[in-house]
Amino acid sequence: LARGVGESVPRLTARPDISFTVRPEATRVRALFEFAAWEGEVDSVEVAVPEEMRIANVLYGDLPISWNGVPGQPGRVTIPLPEKVRGPLRRIELRGLLPGSLNQTWRMPHLGTPGAIELEGHLGVRLYGEQPVSSLRYTGLRQFGHDPSPSDGEVFEFRRLRDRKSTRLNS
């Protein structure tokens, strides 16, 4: 979002919908972001991802799109848009993998939208494993769903209420 002297950075809003599928060998991540630019046009957006996340692909609507790491800022990704946009953007979707956490407490990795105001969003966590979750601690979230189905994995659903949030699951 580089701007010339005297030009302001457009105000962005973002509504995240993030899903984690947690298995002992790896965590699959699917992050959808509905961005909107309300004060000017944007030609790219930035997303914060865990440094250890391997991004498999990024979609802009249904179109595959490229992304770049932000120099000097590990865990930041810039997604150039095919055209300048004012108002609602097409949905942006990132898919990737995080290393597994065999027999460890699972902590929710941070995915966010630096430079954008995050609106209430959705967060889903599906856990596959032999042990049911024995404790669950979270902040900045409101739990609204739980499905303990052992065949499809134990599912927890939350509303993201603020940017600073955390989740810890012990099995």
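This is a predicted model: local features need pLDDT of at least 70, side-chain atom pairs count only at pLDDT 80 or more; totals for chains, interfaces and linings use all residues.
The largest nonpolar core has 38 residues. Within this core, the residues with the most contacts are Phe 20, Phe 35, Ile 79, Leu 89, Ile 92, Leu 94 and Leu 111. Two or more core residues come from each of strand 1 (12-22), strand 2 (26-48), strand 3 (54-60), strand 6 (73-88), strand 7, strand 10 (121-127) and strand 13 (154-160). Strand 2 provides the largest share, with eight residues.

Phe 35, one of the core residues with the most contacts, also takes part in an aromatic pair. A pair of aromatic rings is described by the distance of the centres and the angle of the planes. The count of such pairs in this model is one. Phe 35 and Phe 33 make up the pair, with 5.9 Å from centre to centre and 35° between the planes. The pair is classed as tilted because stacked planes would have to be under 30 degrees apart and edge-to-face planes over 60. Phe 33 and Phe 35 are both buried.

Two arginines sit over aromatic rings. Arg 23 lies over the face of Tyr 128, 4.0 Å from the ring centre. Arg 159 has its charged end over the ring of Phe 144, at 4.7 Å from the centre of that ring.

The second largest pocket has a volume of about 170 Å³. Its lining consists of 10 residues, and Glu 52, Leu 98, Pro 99, Trp 106 and Arg 107 are the closest to the pocket centre. Strand 7 (92-99) and strand 8 (106-107) each contribute at least two lining residues. By class, the lining of this pocket comprises four nonpolar, four polar and two charged residues.

Conventions
Residues are numbered from 1 along each chain as its sequence is written. Side-chain values use heavy atoms; hydrogens and water are left out. On a 1 Å grid over the protein atoms alone, a cavity is a set of points where a 1.4 Å probe fits but cannot get out, and a pocket is an open set with protein on both sides within 12 Å along at least five of seven lines; lining residues have an atom within 4 Å of a point. Grid points are joined across faces, edges and corners, and a volume is the space filled by probe spheres set on the points. Helices (H or I, at least four residues) and strands (E, at least two) are DSSP runs, numbered from the N terminus. Ala, Val, Leu, Ile, Met, Phe, Trp, Tyr, Cys and Pro count as nonpolar, Asp, Glu, Lys and Arg as charged, and the others, Gly among them, as polar. A nonpolar core is a set of buried Ala, Val, Leu, Ile, Met, Phe, Trp, Tyr and Cys residues joined through side-chain atoms within 4.5 Å. Buried means under 20% relative accessible area, exposed over 50%, partly exposed in between (1.4 Å probe, protein chains only). Rings of Phe, Tyr and Trp (its six-membered ring) pair if their centres lie within 6.5 Å; planes under 30 degrees apart count as stacked, over 60 as edge-to-face and the rest as tilted. A charge sits over a ring if NZ of Lys or CZ of Arg is within 6 Å of the ring centre and within 35 degrees of the ring normal.
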